Amino acid sequence: MIIVSTVIALGMGTFVTIVRAKSAKKPASVKKILLPPLFMSTGALMFVLPFFRVTLSEFLEALIVGMIFSIVLIRSSKFERRDGDIYLKQTKAFIFILFGLLIIRVIAKIVLSSTIDVGTLSGMFWILAFGMIVPWRITMYLQFKKLQRTVIV
């Protein structure tokens with residue numbers, strides 16, 4: 001089960017990296033910034049099933065780690081004006097950061113799988129990912145709106 005979830009995580013990480021690289025070539029918008037966390041929030045339905053439920057301390061641990069990881073994403077995501085539109089600056093470091101965070105998550109999952117059952121661990125890693133994407137996207141939204149308000153000279 002751990003091997004399958006690891007392969008899926010690596011596949012999703014690769015997919016996100018490709019999507020991110022393509023999206024940097026198109027102007028940013030509020031929808032493009034805010035919809036991914038909204039779509040991801042549907043994953044919280046997993047917690048309806050007892051198999052995926054976590055304790056309060058597991059929830060807080062996963063959330064705090066996710067928020068710490070979000071700092072790296074926040075620092076590597078900047079916007080710029082080009083041709084009258086706002087674009088996400090494409091940095092080579094971002095791809096390495098995404099894969100670095102993914103590798104850390106995979107290693108943590110492998111290590112923790114020996115002490116935490118797979119359902120709980122899956123729930124914790126969803127919380128970690130959500131705790132990472134929400135602060136990152138909120139910060140991106142605020143940066144986007146700030147740049148949008150600046151007058152073009």
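Me: Why is arginine 82 called partly exposed?

Reply: Its relative accessible area is 33%. Buried means under 20% and exposed over 50%, with partly exposed in between (1.4 Å probe, protein chains only), so arginine 82 belongs to the middle class. Before we go on, this is a predicted model, in which local features need pLDDT of at least 70, side-chain atom pairs count only at pLDDT 80 or more, and totals for chains, interfaces and linings use all residues. Residues are numbered from 1 along each chain as its sequence is written, and side-chain values use heavy atoms, with hydrogens and water left out.

Me: What makes the pair of glutamate 80 and arginine 82 a salt bridge?

Reply: Their side chains meet at 3.1 Å, N to O. A salt bridge needs a side-chain nitrogen of Lys or Arg within 4 Å of a carboxyl oxygen of Asp or Glu, so this pair qualifies. The structure holds 1 salt bridge. Glutamate 80 is partly exposed too, because its relative accessible area is 25%.

Me: How do you know whether threonine 120 is buried or exposed?

Reply: Threonine 120 has a relative accessible area of 8%, so it counts as buried. It lies in helix α5; helices (H or I, at least four residues) and strands (E, at least two) are DSSP runs, numbered from the N terminus. Leaving out residues up to four places away in sequence, threonine 120 touches Phe51, Phe52, Arg53, Val54 and Glu58, where contact means heavy atoms within 4.5 Å.

Me: What makes a group of residues here the largest nonpolar core?

Reply: Such a core is a set of buried Ala, Val, Leu, Ile, Met, Phe, Trp, Tyr and Cys residues joined through side-chain atoms within 4.5 Å. The largest one has 27 residues, and Leu73, Phe79, Trp136, Met140 and Phe144 have the most contacts inside it. At least two residues each come from α3 (56-75), β2 (85-88), α4 and α5, and α5 gives the most, with 12 residues. Beyond its neighbours within four places in sequence, tryptophan 136 is in contact with Arg20, Ser70, Leu73, Ile74, Ser77 and Phe94.

Me: Why are some spaces called cavities and another a pocket?

Reply: On a 1 Å grid over the protein atoms alone, a 1.4 Å probe fits in a cavity but cannot get out, whereas a pocket is an open set of points with protein on both sides within 12 Å along at least five of seven lines; lining residues have an atom within 4 Å of a point. By this rule there are 2 cavities of 30 Å³ or more. The largest cavity holds about 40 Å³ of space and is lined by Arg20, Ala21, Ala24, Gln90, Thr91, Phe94 and Ile95. In the second largest cavity, also about 40 Å³, the lining is Ala9, Leu102, Arg105, Val106, Lys109 and Phe125, with α4 giving the most, 4 residues.

Me: Which residues are closest to the centre of the largest pocket, and which element gives the largest share of its lining?

Reply: The largest pocket has a volume of about 1,300 Å³. Of its 38 lining residues, Met12, Val16, Pro36, Met40 and Ile133 are the closest to the centre. Two or more lining residues come from each of α1 (2-23), α2 (30-40), α4 (92-112) and α5 (118-149), and α1 has the largest share, 12 residues.

Terms used. Grid points are joined across faces, edges and corners, and a volume is the space filled by probe spheres set on the points.
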